[in-house]
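Subject: Model for you to look at, with notes

Dear colleague,

Please find the structure below, followed by my notes on what came out of going through it. I would be glad if you read them with the model open.

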Amino acid sequence: MPSKLSRRTFLRGAGIGAAGMALAACAPAAAPAPAEPAAPVADAPAAEAPAADAPASATTNMVFSSYTWSGYEAAMRDVIAGWNTDHPDVEVEQQYIAEDYWTKIQTQLAGGTPPDVGIADYARVVPYASSGVLLDITELIARDSFPLDDMFPAAVAQYRWAKGDFDSGGDGGNMYGLPSDAQSYIIAYNKTMFDEAGVAYPTDDWTWDDLVEMGKKITKPDENKWGMQYIDPTVFTKGNFLFSADGSNYTPDFKKSMVDSPESVAAWKWNWDLIYTHKIAPPPGAQASTNPFMSGQVAMVVDGVWWISDFASITDFEWDVALYPKHPDTGKRTTSLESDGWWAYKSTQDAEMAWSLLQYLSNQEGQTRFGDLGYVIPSCFPAVGERWYTQKPPENRLKVLDNITQESHKVDLTYYEFWTCWAAYSPSLGVAFSDGADIEAACAEAAQIHTEELTAAWERFQA
Amino acid sequence: MTQDSGSLKQRRRYEERIAWLFITPVVLGILIFQIYPTIFSLYASFTTWNLITPPRWVGLENYVSLFTTDRFFIKSMWNTIRYTLGVVLPSMAISLFFASLLNQNIRFKHGYRAIYFVPVVAPTVALALLWGWLYEPNFGIINATLATVGIKGPSWLGTTTWALRSVIIMAIWAGIGFQIVIFLAGLQGISQEYYEAAAIDGANAWQKFAKITMPLLSPVTFFVLVTGVIGTFQDFSLVWVLTRGGPAGATQLIVMYLYGLAFQLQKMGRASAVAYAVFVVVVGLTIMNFILSKRWVFYEESN
C-alpha cells in the first residue's frame, strides 16, 4: 500500500529503468560490476581542501560510498571536505550511486572490492555483521571515548549486535556502525480543517478515542474531506501505535508471530476501523503521487518526520504536529525511531583511517555540518537535533522531540530477513485494508505465514 | 597486401579479417554483457546466493520451491497470464479497427495517426501517473464522470477486484499506438488490385475485409501477436509505477516478483530460477504460436 514514498521506500523501489530487459540475463547483475559509473574523483575534495600550500601529493586513498538523491551528493562532498581539512594527505574516492545501491554494494562484496566506509542500513546490520563483512568498532569507540551515551539509545541500538542474535540491539553486543540521524514518526494535523469543523486541537493528553471523535466531526465524504489517513501497514508494523497498545510482531525469541495476539489484533482493528467502521479515513487506492494531507484531503496523518520539510511548503492551510495520542488503556504513545548511519567494511586496508572518517561523519561536528547544509534529518544527538526541532514551521516541532524522549522504540524491522517475512505476510493484511476483508481473519492468516517464515529464516540464519 | 601477391583466396581471407575486426566490439559486448550473464544466471539458479557470502550449490531446490513453498510464484505467473491475455488480444482487435479506419481517405488522417502514436513516445512514468489520476477514486475523471450518471465508481487501483483489470485497460491504451502503425503498414502493403477485382465481382465491404484483408494481413497479425505476447509477458515499468504490484499483490507480474527477489531481497538464486521459468514459458508460448500459425497465417508468395 505505497500511498506515499519515503526516501527509503523510494530507494528500495527505484530501478524502474531496468525494466524491459532481456529476462534471463538480468537476474544476477553480476557481470556489470566493473561498469560502475566511474566516480568523479577529481573535483570536490581536491578543489576544496584548503591545504593548497602543502604538497598536494595524496599518500593514502580511501573509498567512500553512499546512495544519493537530489542535492545530497554535494552536501556529502562538503562534509567530507570538512574531514579532509584535518587529513589533507588522504584522497577520498567518493562513489555516489543513485539506484539499487545495496545490490551494487553486495556485488562489490562478492567481487572482493567493497568501499572502506559507506552509508549504513539498520535493516542490514544482522545479515552483514553475521556474515563478517563489517568492521567491529567496539574497541575503537571505547579507546577514543566516542560519545555514544549522548545519542538516543534507540538509535545506537540499531548498530549493536551480539553474535548469534536474531536481531540487533541486544545487550552486550558489539558495535558495527554509528547512527547518523534519528528519524521518528509524527502525527500532523490540519488546523484549518479543525477550525472549519469547530473541533479543538489535540492536547497533550488526547487518546486514540479522541482522535476518532475529532475525525468524525471533520469527515465530510461528499466534499472529499476526511478526518484521518489510515496508518500505512508498514508504518504501523514498525511499532508506531502498535506498541502503544502493547501489541507486538513476534515473541521475544523470534520463533512465533504475535500478529494475532489479542492486543495486536485490537490495534490493527483500530487502524482498520478508521476506514471501514468509523469511515473517517478515505478508502485506499488514492493516487500514489499525492500526499492526502498536503492536498488538504485528510485532517490528520501519521508519517515519517522527514515529511516536515515537505509539509513546510504548504501554503493553503495552517498545520501543526502533536504528541501521539495515548492509548486509552495503556496510556502509552510509542513512536518508532530509525537511524541511517555509517559503517566501515572489514576488508579496509586502513582501519584507523576508516574509523577516523566514521567518527567525523557521526560526531557532533559532522552532524551539525549536515544539518546546516539543509539535510534536516534530525541528529541522533539530542543536543544537535534541537537546532532542528526549534525551527518553524510547524509551531510545535519540539513536540516531536518530546515524543521521542518520552517514548521511542527502535524501529521493528531490524531482525534477520524482516523484509522477506514482511513480503510474505503483509499481503494478508493488505487485502483487509484494500478490500475491507475481515481484519481479525487477516491477522490470523498473517500470523500463520509469519511464523512459517520466521522458522525458515531461522534455518537460514543458522546454516 | 600488394597487388601481385593478392590471389583471390588471400584477398578473401584479408576481407574476412577486416570484417571480424569491425564486428568484434559488438560480439564482445554481446558475449560479456548478454551471453555470459545468461549462462551465469543459469548457474546461479542452482545456488543460494545473497551476494554477501559465496553462492552455495543447492541443486534443483530453487526450482522445486517455486512450485511448493513459494507463496507468490504461481500467483504472479497467473496474474501475468491473465494480464497478457487481457492486453494482447483486445489491443490487437482495437488496433486493427483503428488501423483500418486510418487507412481510409479521411480528413486529418495524418493528425489522427500522430495522436494514436503519442502514448508510444511518451515517457512510461508520465503515462502511469496520468492513469493514476484518471483512476483516482474520489475525484478522478473516471469516477467523476460515472458520478454524473449516478454510478459510484470503485476504487480502481485500491481493491484486489479491480486493480488488475484497471492496469490491463491502461496497458491496452498504451500499446495500441505501436500496433496501429504495424497494422497500417501491413494494410498499405496489400495491393489495390485485389480489392478492384473483388469489387467487379460484387463483393461488399465485409467480404473484402474477411476474404482479402484478413488473409493478406495474417503475417502482420502474427508478428503483432508474437511480439505482443513476449513483450507483455515481460511488462514491468508501467504497472510498477502505478501500483508497485499492489494492492496485496493483485497486480504483481512475474517480472516484478523477479525484481523484488533479486534487488530487494537479494535472493539471486531464486530470482535466477524465476527468470528461467519465465524463459521457458515465453519460449513455450512462442513455439505454440508458431505451430498454431500454420492454420491461419497465409503467406502470399508461398501460395
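In what follows, two strands are said to pair if DSSP finds at least two bridges between them, while helices (H or I, at least four residues) and strands (E, at least two) are DSSP runs, numbered from the N terminus. This is a predicted model, in which local features need pLDDT of at least 70 and side-chain atom pairs count only at pLDDT 80 or more, whereas totals for chains, interfaces and linings use all residues. Residues are numbered from 1 along each chain as its sequence is written, and chains are lettered from A and ligands numbered from 1 in the order in which they are written.

The sheet in chain A

Chain A contains an open sheet of five strands, in the order β2-β1-β3-β12-β6, and the pairing within this sheet is mixed. Its edges are formed by β2 (90-97) and β6 (178-179) of chain A, and because each has a single partner strand, one side of each is left without a neighbour in the sheet.

Strand β1 of chain A, residues 60-67, pairs with β2(A) in the parallel sense over eight bridges, and β1(A) is also joined by two bridges to strand β3 of chain A (residues 117-120), again running parallel.

A residue is called buried here if 20 or more other C-beta atoms lie within 10 Å of its own, exposed if 12 or fewer, and partly exposed in between, with C-beta atoms placed from the backbone. By that count β1(A) is mostly covered, six of its eight residues being buried. From β1(A) the chain crosses through α4(A) to β2(A) in a right-handed β-α-β crossover (with the strands pointing away from the viewer, the path from the first strand over the helix to the second runs clockwise). Helix α4 of chain A, residues 72-84, lies across β1 and β2 of chain A and runs at about 165° to β2(A), where axes are lines fitted to C-alpha atoms, for helices over the stretch in contact, and angles run from 0 to 180 degrees between N-to-C directions.

Helix α19 and the chain as a whole

Helix α19 of chain A (residues 439-462) has 24 residues and, at 1.5 Å a residue, should span 34 Å, which agrees with the 34 Å between its end C-alpha atoms; the expected span is 1.5 Å times one less than the number of residues. Its buried residues, among them Ile439(A), Cys443(A), His450(A) and Leu454(A), pack against α12 (262-276) and α18 (418-435) of chain A, two residues being in contact if their C-beta atoms, placed from the backbone, lie within 7 Å. Chain A has 19 helices and 13 strands in total, and of its 463 residues 51% count as buried.

Backbone points to check

Most residues other than glycine have a negative phi, and most peptide bonds are trans. A cis peptide bond joins Lys392(A) and Pro393(A), with omega about -5°, and the bond from Pro393(A) to Pro394(A) is cis as well, with omega near -5°. Pro393(A) is placed in the loop between α16 (382-389) and α17 (398-406) of chain A.

Asn224(A), although not a glycine, has a positive phi of about 60°, and with 15 C-beta neighbours inside 10 Å this residue counts as partly exposed. Leu51(B), also not a glycine, has a positive phi of about 75°, but counts as buried with 23 C-beta neighbours inside 10 Å.

With best wishes
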